[in-house]
Amino acid sequence: MNKILIVDDEDKIREVLAEYAEFEGFASEQAADGMEAVAKCKSEDFDLILMDIMMPKLDGYSAVKEIKKIKDIPVIMLSARGEEYDKLFGFEIGVDDYVVKPFSPKEVMARINAVLKRNNGNNKSVGQNRGTLKFDGLEIDMLGRNVYVDGQKAELTPKEYELLFYMVNNIGIALSREKLLADVWGYDFYGDDRTVDTHIKMLRSNLKQYRKYIITLRGMGYKFEV
C-alpha cells in the first residue's frame, strides 16, 4: 500500500484529501506546516507528498528542498498561485507536478496515481539498455544517471534526466508533446503542454551549447538529433 504525506495548513483541505486518498486505497499521514513535514520525512518513509506552498514556519518550496536533501520522494505541489514563474521554480527544485487551487480532489487523486505509476515502473527501462553516450562534449551516462557538459557535471532535476534519457533513447524520432507527457510523466489527459515546454527550456539551459541537439518541431514537439 502506497503511503502519502498530505501537507497543508488548512485542516479542511487535509481532511478531504485524506478521505479521498483512503478511498483510493492509500495510507496517509498529515502535516500542518513545512517543519512538521520535514520531521516526518526524516523518521518515516512516504511514496508521495502533497505539499502546499504558503504555510507558516516553513513554506512548501523550502520544505521540498530540505526533504530532497535526505530522500528522493515524488512531490505534487498544491497552491493558489498558478503563475508560470511559480511552476518553473517548483520544477527546478524537483517537483513532479503542480495543482492550482481550487482543485477537484478527484483530479488530485488522478495525478497521484499517474506520478506513482511513473515512479513505480513506467520509466524504469529508460536508459537501462544503453551505457555511456558521447555527442561531442556532451556525455550521457545512462546507467549512472549523470550528464557532463565539457567535463563538468550538469545538475539536472530528476525530471530533466528522464526527459533527456527518453529523447536520447528515441534519437532522431519526432516526439509530440502529448507523447512526451504520456511516456515521461506517465499521463496525458491531465498533462499540460506547457509542462513539457518548461522542462525543455530548463534542460536546454543546463546543456549550454549542446542545447542545439534538442530540435523544436513547430506546432508538434521536439526531437533529439545530432
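**Charged pairs and a helix face**

Reply: At 22% relative accessibility, Lys68 counts as partly exposed. Buried means under 20% relative accessible area, exposed over 50%, and partly exposed in between (1.4 Å probe, protein chains only). This is a predicted model, in which local features need pLDDT of at least 70 and side-chain atom pairs pLDDT 80 or more, whereas totals for chains, interfaces and linings use all residues. Residues are numbered from 1 along each chain as its sequence is written, and side-chain values use heavy atoms, without hydrogens and water.

Me: Which side chain meets that of Lys68 in a salt bridge?

Reply: Side chains of opposite charge can pair when their charged atoms come close. A salt bridge is a side-chain nitrogen of Lys or Arg within 4 Å of a carboxyl oxygen of Asp or Glu. Here the partner of Lys68 is Asp72, with 3.3 Å from N to O. Asp72 is exposed, its relative accessible area being 62%.

Me: How many salt bridges does the structure hold?

Reply: The structure holds 16 salt bridges. One of them joins Arg111 and Asp97, at 2.9 Å from N to O. Arg111 belongs to helix H5 (residues 105-122) and Asp97 to strand E5 (residues 97-100), so the pair ties together parts that are 14 residues apart in sequence. Helices (H or I, at least four residues) and strands (E, at least two) are DSSP runs, numbered from the N terminus.

Me: Are Arg111 and Asp97 buried or exposed?

Reply: Arg111 is buried at 10% relative accessibility, and Asp97 is buried at 4%.

Me: Which residues are linked in a network of salt bridges?

Reply: The network links Lys3, Glu29, Lys40 and Glu44. Within it, Lys40 forms a salt bridge with Glu29, and their closest N and O atoms are 3.2 Å apart. Lys40 lies in helix H2 (residues 34-43) and Glu29 in strand E2 (residues 27-31), so this pair connects parts that are 11 residues apart in sequence. Lys40 is buried, with a relative accessible area of 18%, whereas Glu29 counts as partly exposed at 22%.

Me: Which residues of helix H7 are buried?

Reply: In helix H7 (residues 177-185), the buried residues are Arg177, Leu180, Leu181, Val184 and Trp185. Seen down the axis of H7, these residues fall within an arc of 100°, so they line one face of the helix. The arc is that of the directions from the helix axis to the C-beta atoms.

Me: What is found just after H7?

Reply: Just after H7, Gly186 takes a positive phi of about 90°.
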